[in-house]
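Biologist: Can you put the model up? I'd like to go through it with you, starting with the ligand.

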Amino acid sequence: MTTLEEAKRLDAADELAGFRDRFVPITDPGVVAYLDGNSLGRPLRATAERLQELVADQWGARLIRSWEERWLELPERIGDELGRVALGAAPGQTIVADSTSVCLYKTLRAAAALRPGRDEIVTDSANFPTDRFLVESVAAELGHTVRWIEGGDVHPDDVAAVTGPRTAAVVLSHVDYRSAAIADLAGITRLVHDRGALTVWDLCHSVGSIPVELDANGADFAVGCTYKFLNAGPGAPAFLYVNSRHHAEFGQPITGWMGAADTFGMAEHYVPAPGIRRALSGTPPVLGMVGVQEGVALLAEAGIDRVRAKAVALGRWVLALADAWLVPLGFTVASPREDARRGGHVTLRHPDAERLSRVLIEHGVLIDFRRPDGIRVGLSPLTTGFTEVRAAVDRIRELAA
Ligand SMILES: Cc1ncc(COP(=O)(O)O)c(C=O)c1O
Ligand SMILES: Nc1c(O)cccc1C(=O)C[C@H](N)C(=O)O
């Protein structure tokens with residue numbers, strides 16, 4: 001059923017519908033649908049308020065004293081909360097810092113160093129560019145070889161085929177940025193450990209969208225961004241997770257003073273801080289962390305399980321509309337149809353996707369084009385509505401006909 005009544009019924013039954021009011025309204029009357037929250041989540045009203053407060057009360061009034069009073073502890077404090085709410089991570093293992101790219105570099109270098117004598121790093125040829133580029137540059141830096149899994153939608157068997165006694169680390173995305181295919185984090189982690197290697201998971205497209213269980217699955221390292229489903233804002237800092245069993249030996253390559261044991265001791269040489277704090281390098285981005293804090297707080301209120309349930313329902317809705325309206329026009333579905341294997345977006349393929357994406361954006365349907373022929377429909381359960389999605393797919397039908 002694809003009727004407007006059905007869309008309204010789904011919106012009326014949506015337990016998370018009220019959360020939409022917690023976001024800054026879209027004032028541009030030309031926007032029909034915002035389906036790009038998996039690239040840049042919408043801003044929270046609370047973030048705007050908290051930023052003003054911070055500038056006035058903490059930065060403006062307390063000046064440099066705010067570092068000691070509250071700012072220095074934020075990377076760990078927000079990291080712990082993020083770990084609790086979204087990552088299945090006990091406190092002391094997650095920290096907010098840097099960009100995903102930098103966090104990936106740090107964790108991959110650390111992982112490789114924990115496996116001396118092994119000289120191969122595994123990743124997937126369809127992985128996000130930053131992941132592939134960093135795997136290549138870390139491999140070049142260390143004299144390692146990259147072993148590629150071809151083509152995305154990575155299964156444990158694909159990992160088994162390229163890992164062995166020479167594998168140091170395996171770098172994979174939990175949710176594929178193009179197809180939304182969910183990798184078997186538990187099964188792959190187990191397999192990689194059986195081969196004596198370590199895992200680095202990129203959680204950019206899963207954090208805040210699907211529950212992740214890092215501790216329960218024995219994950220080694222993970223990284224992710226906060227500006228997608230956590231709505232933390234453009235360029236908001238990323239996070240990294242290091243399982244506590246690696247803390248004693250965990251050494252990361254950007255040995256700045258903020259990750260040192262005694263930051264203000266101005267020591268002659270670097271001695272890493274105990275625990276996850278050693279993952280830090282430079283001064284934490286306090287303004288950007290406000291958005292992370294608010295995004296995580298909102299997610300805690302909504303609950304990751306309810307968020308996931310709505311993401312699944314939105315995904316099914318896109319598939320139903322696409323099957324009825326777009327498949328007859330030459331579109332194909334590039335995302336898994338099985339709910340359990342599909343993350344928080346649906347990618348539709350069309351031979352003319354690049355031009356069509358431009359036209360759609362001009363007509364207020366804000367989707368993403370992803371090479372070579374994908375139109376990516378991002379579904380953010382805290383802001384996306386069923387009627388909104390229907391209007392968007394209707395517009396795609398109209399413009400593609
Ligand atoms: C899978 C994945 N990894 C990494 C990134 C980005 O990394 P950064 O935060 O360094 O821009 C993105 C999106 O930008 C992504 O989708
Ligand atoms: N991080 C981005 C940016 O700085 C500019 C534009 C887009 C992005 C994105 O997040 C892209 C996104 N990771 C993707 O999956 O395509």
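Biologist: How do the residues of the shell around ligand 1 divide into nonpolar, polar and charged?
Modeller: This is a predicted model. The shell around ligand 1 has five nonpolar residues, six polar and two charged.

Biologist: Which residues come nearest to ligand 1?
Modeller: Ser99, Thr100, Ser101, Phe128 and Cys204, out of the 13 residues around ligand 1.

Biologist: And which elements give two or more residues to that shell?
Modeller: Helices α5, residues 100-113, and α6, residues 129-142.

Biologist: Let's zoom out. How many helices and strands in the protein?
Modeller: Twelve helices and 13 strands.

Biologist: What share of the residues counts as buried?
Modeller: 46% of the 401 residues. As for contacts, taking those with a separation of 6 or more, 73% are between residues 24 or more positions apart.

Biologist: Now the sheet with β9 in it. What is the strand order?
Modeller: The order is β9-β10-β13-β12, an open sheet of four strands with antiparallel pairing. β9 (332-333) and β12 (368-370) are the edge strands, each pairing on one side only.

Biologist: How many bridges between β9 and β10?
Modeller: Two, in the antiparallel sense, with β10 covering residues 345-349. Thr332 has Arg349 in β10 as its bridge partner.

Biologist: Which helices lie across those strands?
Modeller: One is α10, residues 304-326, which lies across β9, β10 and β13 and runs at about 20 degrees to β10. Another is α11, residues 353-362, which lies across β10, β12 and β13 and runs at about 40 degrees to β13.

Biologist: I've clicked on Ala311. Where does that residue lie?
Modeller: Ala311 is in helix α10.

Biologist: Buried or exposed?
Modeller: Ala311 has 24 other C-beta atoms within 10 Å. A residue counts as buried at 20 or more, so Ala311 is buried.

Biologist: What does Ala311 touch, leaving out residues up to four places away in sequence?
Modeller: Ser209, Ile210, Gly344, Leu379 and Pro381.

Biologist: How far apart are Ala311 and Asp368?
Modeller: In sequence, 57 residues; in space, 18 Å from C-alpha to C-alpha. Asp368 falls within β12 (368-370), one of the edge strands.

Conventions:
Residues numbered from 1 in each chain as written. Chains lettered and ligands numbered in written order. Predicted model: local features only at pLDDT ≥ 70, side-chain atom pairs only at ≥ 80, totals over all residues. Near = placed C-beta within 6 Å. Nonpolar A, V, L, I, M, F, W, Y, C, P; charged D, E, K, R; others polar. Buried ≥ 20, exposed ≤ 12 C-beta atoms within 10 Å, placed from the backbone. Contact = placed C-beta atoms within 7 Å. Pairing = 2+ DSSP bridges. Axes fitted to C-alpha atoms, helices over the stretch in contact; angles between N-to-C directions.
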